Amino acid sequence: MSKIKILIPAYNDWRSAFKLLEKINSEVSKLDNEFSVIMVNDASSEDRPKLLDDLASLKSIQVINMKENRGHARSNATGLKYINEKEEFDYIIPMDADGEDRPQELSLLIKKINDYPDTVVTADRVKRSETFIFKFCYLAHKYLTFVFTGQTIKYGNYTCLPKSTVNKMVSEPATWSSFSGSLAKIVKDRKSIPSERGRRYFGPSKMSFINLLKHSLSIIAVFKTTLLIRSLFFLIAYLFLVIGKISVITLMPVLGVVIMMFSVIILSKRENMSEFNKCLENIESIDKIK
């Protein structure tokens, strides 16, 4: 029987997080594995309510309370490091707390790892539930990532990671900045399941255009060397084509690529292995709520 840890970073949205726990408990009751949940409370300003339901299908539920808020990506990275160093496990499944990662797909992830043990399984998005504008921006992000890095990344945090992969991820600086970028960098042989982006349990999405842009550039920053090489080739080829036709309009793509290059170089500084190694020092307390 595999020991599976479900990792859930959370900030203030306890109502959604606790509903997610109920949904997970219902889904894993049908599965023949040992499931536990570890939540990373990223220094929430709202008090956490008491857990009222028994949630009998979950062996344990722990909440890691952080001293300082460091953002979703770093909460995820901290959770991976904590579990890898402090817990016994065979697999880790990271999930967002808001319901957009659907618990109904846990059975698909488990079936896949039963077929392909010790292999990373990703939940690849085949359908999204956001507005048309957000979907368009996300599509642009995917194409931009592919063109400038050669990477096709259709997944987010919702994956199933064997212990061997977690060992690699906690030694990779990129994990401190971008989960999906880091995974794409260190694991080439992955399996996948089709995944629909669920609707948030409560309230609107917190992924603004600025956050989406930062998310996109953080992924690209993992492959900054490839980006810089491809960008230089693009600039040389483009300027050769428009020579003699230089104008404000024809220079716009050049400006866009240059801005992207500098943005990526700045964001790549988030890949700080020293901070990553010391992230467990930011833990204030650990509550076992089940």
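Visitor: Strands are DSSP runs of E, at least two residues long, numbered from the N terminus. Which strand does lysine 191 lie in?

Guide: Lysine 191 belongs to strand β7, which covers residues 190-196. Keep in mind that this is a predicted model.

Visitor: Is lysine 191 buried, exposed or partly exposed?

Guide: Lysine 191 has a relative accessible area of 27%, so it counts as partly exposed. Buried would need a value under 20%, and exposed a value over 50%.

Visitor: What does lysine 191 touch?

Guide: Leaving out residues up to four places away in sequence, lysine 191 touches Lys112, Tyr116, Thr119, Val120, Val121 and Thr122.

Visitor: Where is threonine 122 placed, then?

Guide: Threonine 122 sits in strand β5, residues 120-127. Its relative accessibility is 2%, so threonine 122 counts as buried.

Visitor: And what are the contacts of threonine 122?

Guide: With residues up to four places away in sequence not counted, threonine 122 touches Tyr155, Tyr158, Thr159, Leu183, Arg190, Lys191, Ser192 and Ile193.

Visitor: How far is lysine 191 from glutamate 27?

Guide: Their C-alpha atoms are separated by 22 Å, and the two residues are 164 residues apart along the chain. Glu27 is one of the buried residues of helix α1.

Visitor: Tell me about α1. How long is that helix?

Guide: Helix α1 runs over residues 14-28, which is 15 residues. From its first C-alpha to its last it reaches 21 Å, close to the 21 Å expected at 1.5 Å a residue.

Visitor: Which residues of α1 are buried?

Guide: Trp14, Ser16, Ala17, Phe18, Leu20, Leu21, Ile24, Asn25, Glu27 and Val28. The buried residues of α1 pack against strands β1 (3-10), β2 (34-41) and β3 (58-66), and against helix α3 (106-115).

Visitor: Why do residues a few places apart in a helix point the same way?

Guide: An α-helix has 3.6 residues a turn, so residues three or four places apart point the same way.

Visitor: Next helix. What is the span of α2?

Guide: α2 covers residues 72-86 and reaches 21 Å between its first and last C-alpha, close to the expected 21 Å.

Visitor: How many of its residues are buried?

Guide: α2 is mostly covered, with eleven of 15 residues buried. Among them are Arg74, Asn76, Gly79, Lys81 and Tyr82.

Visitor: What does valine 254 touch?

Guide: Not counting residues up to four places away in sequence, valine 254 touches Leu235, Tyr238 and Leu239. The C-alpha atoms of valine 254 and leucine 235 are 6.5 Å apart, although 19 residues separate them along the chain.

Visitor: Now the whole protein. How many helices and strands are there?

Guide: Ten helices and eight strands. Of the 290 residues, 50% count as buried.

Visitor: How does its radius of gyration fit a compact globule?

Guide: A compact globule of 290 residues would have a radius near 19 Å, and the protein has 20 Å, which agrees. The C-alpha atoms fill a box of roughly 75 × 40 × 35 Å along the principal axes.

Visitor: What part of the accessible surface belongs to carbon and sulfur?

Guide: Carbon and sulfur atoms have 57% of about 14,500 Å².

Conventions:
Residues numbered from 1 in each chain as written. Predicted model: local features only at pLDDT ≥ 70, side-chain atom pairs only at ≥ 80, totals over all residues. Heavy atoms only, no water. Helix = DSSP H or I, 4+ residues; strand = E, 2+ residues; numbered from the N terminus. Expected span 1.5 Å × (residues − 1). Buried < 20%, exposed > 50% of the residue type's maximum accessible area, 1.4 Å probe, protein only. Contact = heavy atoms within 4.5 Å. Rg over C-alpha atoms; globule rule 2.2 N^0.38 Å. Areas by Shrake-Rupley, 256 points an atom, 1.4 Å probe, with all protein chains shown as cover.
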